[in-house]
Amino acid sequence: MLSLLYQEGPSTKGIFRRSGSAKTFKELKEKLDSGTEVDLARESIFVTASLFKDFLRNIPGSILSSQLCDKWVSVLDQGNNEEKIKSIQRLIEHLPRANVVLLRYIFGVLHGIEMRSEENQMNAFNLAVCIAPSLLWPSVSSTPDIESEFIKKISSLVQFLIENCCRIFGDEITSLFGEI
């Protein structure tokens, strides 16, 4: 999924914002969940993007770890960008290795899409609004007002992560998939 999103996302207007066919999404999700081989290259990239967000939402405790939720939310309240980046890097060290590897690929894809935002209309802000709720959620439910405020904070954090991904994860995230 990430490879397809890396290849097609930068040239796809509204990637992660638009959703694909609900029927196709449901059928593919059932096939993937049952272990059936699926050729996603034959499907709409919007369905693939929806499947990927669904996959992220189903990671137990979220990819950024709900246990670290308060720390993630407070990162942007810290001093200058350098201090924020250092705090983010320290938080990443507390994540399981598999989460870190997946995050590097995710932000490599998001960075590639954001670099062509004039073409696809998905700048860091738009990408963050679409993907942030799939990356982190609190471990306890709350009121709609608190949840809305939380989503705004997480979206701002994800926007910062996209805009600074090379400094956070290293310049090599731009070439994790090789050349398109």
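Predicted model: local features only at pLDDT ≥ 70, side-chain atom pairs only at ≥ 80, totals over all residues.
## The chain as a whole

Over residues 1–169 the chain is 66% helix and 0% strand. The end C-alpha atoms of this stretch are 21 Å apart. The UniProt record, an unreviewed entry, carries the annotation "domain: Rho-GAP" for residues 1–169.

Start with α9. Its buried residues are F150, I154, S155, L157, V158, F160, L161 and I162.

Helix α6 has 19 residues. It reaches 27 Å from its first C-alpha to its last, close to the 27 Å expected at 1.5 Å a residue. Of these 19 residues, 14 are buried, so α6 is largely enclosed by the rest of the structure.

V109 is found in helix α6. Is V109 buried or exposed? Its relative accessibility is 2%, so V109 counts as buried. Leaving aside residues up to four places away in sequence, V109 touches L2, L5, Y6 and F177. I162 is 53 residues from V109 along the chain, and their C-alpha atoms are separated by 9.6 Å. I162 is also one of the buried residues of α9.

Helix α3 has 13 residues. From its first C-alpha to its last it reaches 18 Å, close to the 18 Å expected at 1.5 Å a residue. It is mostly covered, with 11 of its 13 residues buried. The buried set includes I45, F46, V47, L51, F52 and L56. T48, S50, K53 and D54 also belong to it. What do the buried residues of α3 pack against? They pack against α1, α2, α6 and α8.

## Salt bridges

How many salt bridges does a search of the whole structure find? The search finds 8.

| Pair | Closest N and O atoms |
|---|---|
| K29 and D54 | 2.9 Å |
| E82 and R167 | 2.2 Å |

Take E30 and K26. Both sit in helix α2 (residues 22–34). They are 4 residues apart, which means they are separated by about one helical turn. An α-helix has 3.6 residues a turn, so residues three or four places apart point the same way. E30 is partly exposed, with a relative accessible area of 46%. K26 is exposed, at 52%.

K29 and D54 form a salt bridge with the closest N and O atoms 2.9 Å apart. K29 lies in helix α2 and D54 in helix α3 (residues 45–57), so the pair ties together parts that are 25 residues apart in sequence. K29 is partly exposed, with a relative accessible area of 24%. D54 counts as buried at 13% relative accessibility. D54 is also listed among the buried residues of α3. Which residues are linked with K29 and D54 in a network of salt bridges? D33 is, so the network consists of K29, D33 and D54.

The pair of E82 and R167 comes with its closest N and O atoms 2.2 Å apart. This pair links distant parts of the chain. E82 is in helix α5 and R167 in helix α10, 85 residues apart. E82 counts as partly exposed at 39% relative accessibility. R167 counts as partly exposed at 43%.

M1, L32 and F55 make a nonpolar surface patch of about 230 Å². M1 lies in the segment before α1 (2–8). At 31% relative accessibility, M1 counts as partly exposed.

Methods: Residues numbered from 1 in each chain as written. Heavy atoms only, no water. Buried < 20%, exposed > 50% of the residue type's maximum accessible area, 1.4 Å probe, protein only. Helix = DSSP H or I, 4+ residues; strand = E, 2+ residues; numbered from the N terminus. UniProt positions renumbered as here; feature names shortened; annotations may be inferred. Patch = residues over 30% accessible without salt bridge, like charges linked within 9 Å, V, L, I, M, F, W, Y side chains within 5 Å. Areas by Shrake-Rupley, 256 points an atom, 1.4 Å probe, with all protein chains shown as cover. Salt bridge = Lys/Arg side-chain N within 4 Å of Asp/Glu carboxyl O. Expected span 1.5 Å × (residues − 1). Contact = heavy atoms within 4.5 Å.
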